[in-house]
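Here's a quick briefing on a structure for you to keep open while you read. Have a look at the helices to begin with, then at the ligand.

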Amino acid sequence: MSTVYITEDTGSQQQGSQVGSMVELRSVSKTYANGYHALMDVSIKIKKGEFLFITGPSGSGKSTFLKLLYGQELPTQGEVTVDDLNVATLRGDHLSFLRRRLGIIFQDYKLIPQRTVAENVTFVLQAQGYTRKEIQRRLEPTLKLVGLLSKADSFPDQLSGGEQQRVSIARAIIATPPLLLADEPTGNLDPDNSWQVIQILQKLNAFGATVIVTTHDEQLVRRCNYPVVQVKNGRLYRK
Ligand code: ADP
């Protein structure tokens, strides 16, 4: 199977052939313990600064692809490199180091109900030993970017679904990770809220982040002009 290269200049700051890969999969297969072949002989290079959509029907292997990038699953065969780190060989502190360089956004937000918006967004930084001053310095511009400055003291159940997803985006980006992974981030949202989420991700991409978004929303994908890779029967196809 040939490698799928994602090479278009999508308006990022970085240009030209000097730009290195943020993500590289070399002949990667993933077979789950029950024998299910989720991905088969997948090769792809995603350059720094790209915005890439991964589409495909439910159960086609989109989440598995992302899980391999953040080390939640290990490949059965082949090699996964993220930001020049071989994910399969990372343990303990090294895996934590990689995860600190990733922002991950999930379909179901994964917010802590008993904590305010500000606390949900900052608790990871606290756990990582950021100073109080540095956390405060980052909080306001991050909430502003996702349009939630006025909701800092609200609790998740006082927010709409779209707002909750924007809190989860704020949490994912407050440490300014160079790679953002979003697994069906608009799966529970109406078209307006979905579009807001995509626009925030576009803005982050314009600031230099590499963004990978899985979705089965073909309409949303068509509305943007980004490269698209389709997962079908465990294989990747450039659309
Ligand atoms: P998608 O994100 O496209 O919906 P997934 O990557 O979640 O697809 O799943 C791909 C396939 O792998 C599905 O058929 C799913 O049932 C299977 N699968 C996912 N996780 C596991 C697991 N932990 N054990 C066994 N099979 C799994």
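Helix 5 goes past helix 6 in a right-handed crossing. Keep in mind that this is a predicted model. Helix 5 also packs against helix 3, and helix 3 in turn crosses helix 4.

**Helix 5 with helix 6**

- Helix 5 covers residues 161-173 and helix 6 covers residues 191-206; their axes come within 10 Å and cross at roughly 15 degrees.
- Angles under 35 degrees count as roughly parallel, so helix 5 and helix 6 are roughly parallel to each other.

**Helix 3 with helix 5**

- Helix 3, residues 117-127, packs with helix 5 at an angle of about 30 degrees, and their axes are 8 Å apart.
- That angle makes helix 3 and helix 5 another case of "roughly parallel to each other".
- The crossing here, helix 3 with helix 5, is right-handed.

**Helix 3 with helix 4**

- For helix 3 and helix 4 (residues 132-145), the axes come within 11 Å and the crossing angle is roughly 135 degrees.
- Helix 3 and helix 4 are therefore oblique to each other.
- As for handedness, helix 3 and helix 4 make a right-handed crossing.

**Who sits around the ligand**

- Part of the shell is Tyr 32, Asn 34, Tyr 36 and Ala 38, which are among the residues surrounding the ligand.
- The surrounding residues also include Pro 57, Ser 58, Gly 59, Ser 60, Gly 61, Lys 62, Ser 63 and Thr 64.
- Helix 1, residues 62-69, gives the largest share of this shell, with three residues.
- By residue type, the shell splits into seven polar, four nonpolar and one charged.

**Backbone contacts and burial**

- At Gly 59, a polar backbone atom is 2.7 Å from an oxygen atom of the ligand.
- Gly 61 has a backbone N or O atom lying 3.0 Å from a ligand oxygen atom.
- For Ser 63, the distance from a backbone N or O atom to an oxygen atom of the ligand is 2.8 Å.
- On its own the ligand exposes 560 Å², and the protein buries 67% of that.

Notes. Residues numbered from 1 in each chain as written. Predicted model: local features only at pLDDT ≥ 70, side-chain atom pairs only at ≥ 80, totals over all residues. Heavy atoms only, no water. Near = heavy atom within 4 Å. Polar contact = N/O pair within 3.5 Å; in protein donor to acceptor, adjacent residues only side chain to side chain. Areas by Shrake-Rupley, 256 points an atom, 1.4 Å probe, with all protein chains shown as cover. Helix = DSSP H or I, 4+ residues; strand = E, 2+ residues; numbered from the N terminus. Nonpolar A, V, L, I, M, F, W, Y, C, P; charged D, E, K, R; others polar. Axes fitted to C-alpha atoms, helices over the stretch in contact; angles between N-to-C directions. Parallel < 35°, antiparallel > 145°, perpendicular 65-115°, else oblique. Left-handed = near helix turned anticlockwise from the far one by under 90°.
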